[in-house]
Amino acid sequence: MKCCYFLFTFILLTAATVVCSQQLSFKLYTSAEGLSQNSGYCMAQDGLGYLWMGTQDGLNKFNGKKITTYYKQTVTRGALINNYIRALFYDSSKNWLWIGTDNGLCIYNITADSFYKASYYFPQADTLDKLMIGNISFISKNEVAVTTLSEGFFICNTSTNKTEQ
């Protein structure tokens with residue numbers, strides 16, 4: 001009986017391993033495939049499924065096939081503040097991509113297809129337009145935390161458009 005139980009368990013585990021194992025495939029994307037730079041510092045995925053990647057040399061958007069790069073000097077609407085992207089955060093309630101750079105915070109309004117300085121949406125946050133941003137995180141509904149490398153922590157309320165440090 002023990003032999004049958006052992007044989008049954010062995011067959012079951014072998015079958016489960018074969019059925020459940022999937023071959024994962026990875027593709028390496030570099031500057032040869034269109035990335036603005038080979039070193040990525042942050043990533044976020046928006047509501048449409050686009051993957052956004054921040055590098056030292058611009059913001060990259062990947063749609064699964066093609067990479068589009070946004071630079072400070074090529075943005076025609078609004079203002080990508082700096083090409084060195086340190087932090088990204090996608091806010092699904094507003095459809096905004098928060099972008100922390102070496103020279104301030106900007107927001108890409110995906111619906112409007114435009115970049116804006118943080119002070120456009122948060123008038124009290126003109127300081128955030130100039131500071132080096134370290135991290136951007138969701139706190140709670142309508143609240144986003146922005147960490148700077150020199151002035152500490154800011155909380156941006158997206159429903160009141162107020163900021164507190």
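**Entry 1**

I count a residue as buried under 20% relative accessible area, as exposed over 50%, and as partly exposed in between, with a 1.4 Å probe and protein chains only. By that rule, 38% of the 165 residues of the chain are buried. I note that this is a predicted model, in which local features need pLDDT of at least 70 and side-chain atom pairs count only at pLDDT 80 or more, while totals for chains, interfaces and linings use all residues. Residues are numbered from 1 along each chain as its sequence is written, and side-chain values use heavy atoms, with hydrogens and water left out.

I then looked up the surface, using accessible areas from the Shrake-Rupley method with a 1.4 Å probe, where for residues only the protein chains shown count as cover. The chain exposes about 10100 Å², and carbon and sulfur atoms supply 56% of this area.

**Entry 2: secondary structure**

I took helices (H or I, at least four residues) and strands (E, at least two) as DSSP runs, numbered from the N terminus. The chain holds two helices and twelve strands. Along the sequence I read the pattern α-β-β-β-β-β-β-β-β-α-β-β-β-β.

For contacts I used heavy atoms within 4.5 Å. Of the contacts in the chain with a separation of 6 or more, 40% are between residues 24 or more positions apart.

**Entry 3: the sheet β1 to β4**

I treated two strands as paired if DSSP finds at least two bridges between them. Strands of a sheet pair through backbone hydrogen bonds, either parallel or antiparallel. I found an open sheet of four strands in the order β1-β2-β3-β4, with antiparallel pairing. Strands β1 (40-45) and β4 (67-70) stand at its edges with a single partner strand each, so one side of each lacks a neighbour in the sheet. Neighbouring strands of this sheet are turned against each other by 20 degrees on average, direction ignored. For such angles, axes are lines fitted to C-alpha atoms, for helices over the stretch in contact, and the angles run from 0 to 180 degrees between N-to-C directions.

Within this sheet I followed β2 (residues 51-55) and β3 (residues 58-62), which pair in the antiparallel sense over five bridges. The bridge partner of Thr55 is Gly58 in β3.

**Entry 4: the sheet β9 to β12**

I found an open sheet of four strands with the order β9-β10-β11-β12, with antiparallel pairing. Its edges are β9 and β12 (162-164), each with a single partner strand, so one side of each is left without a neighbour in the sheet. From one strand to the next, the twist averages 20 degrees.

Strands β9 (residues 133-140) and β10 (residues 143-148) pair in the antiparallel sense over six bridges. Ser137 has Ala145 in β10 as its bridge partner, and Ser140 stands opposite Glu143 in β10. The hairpin of β9 and β10 has two residues between the strands, and Asn142 takes a positive phi near 70 degrees there. Asn142 counts as partly exposed, at 25% relative accessibility.

**Entry 5: positive phi**

Most residues other than glycine have a negative phi, and most peptide bonds are trans. Which loop holds Asn95? I located Asn95 in the loop between β5 and β6. Asn95 is not a glycine, yet has a positive phi of about 60 degrees.

**Entry 6: nonpolar cores**

I defined a nonpolar core as a set of buried Ala, Val, Leu, Ile, Met, Phe, Trp, Tyr and Cys residues joined through side-chain atoms within 4.5 Å. The largest such core has 19 residues, and those with the most contacts inside it are Trp98, Leu105, Phe122, Leu128, Ile136 and Val146. Two or more residues of this core come from each of β5 (85-91), β6 (96-101), β7 (104-109), α2 (118-121), β9, β10 and β11 (153-157). Apart from it I noted another core, of 16 residues, among them Cys42, Trp52, Tyr90 and Phe115.

I listed the contacts of Leu128, leaving aside its neighbours within four places in sequence; among them are Leu105, Ile133, Val146, Phe154, Cys156 and Thr163.

**Entry 7: cysteines**

I counted a disulfide as a pair of cysteine sulfur atoms within 2.5 Å. The count by this rule is zero disulfides. Cys42 is buried at 11% relative accessibility, and Cys156 is buried with a relative accessible area of 0%.

**Entry 8: Pro123**

Is Pro123 buried or exposed? Pro123 is exposed, with a relative accessible area of 56%, and I placed it in the loop between α2 and β9. Pro123 and Thr163 are 40 residues apart along the chain, and their C-alpha atoms are separated by 8.4 Å.
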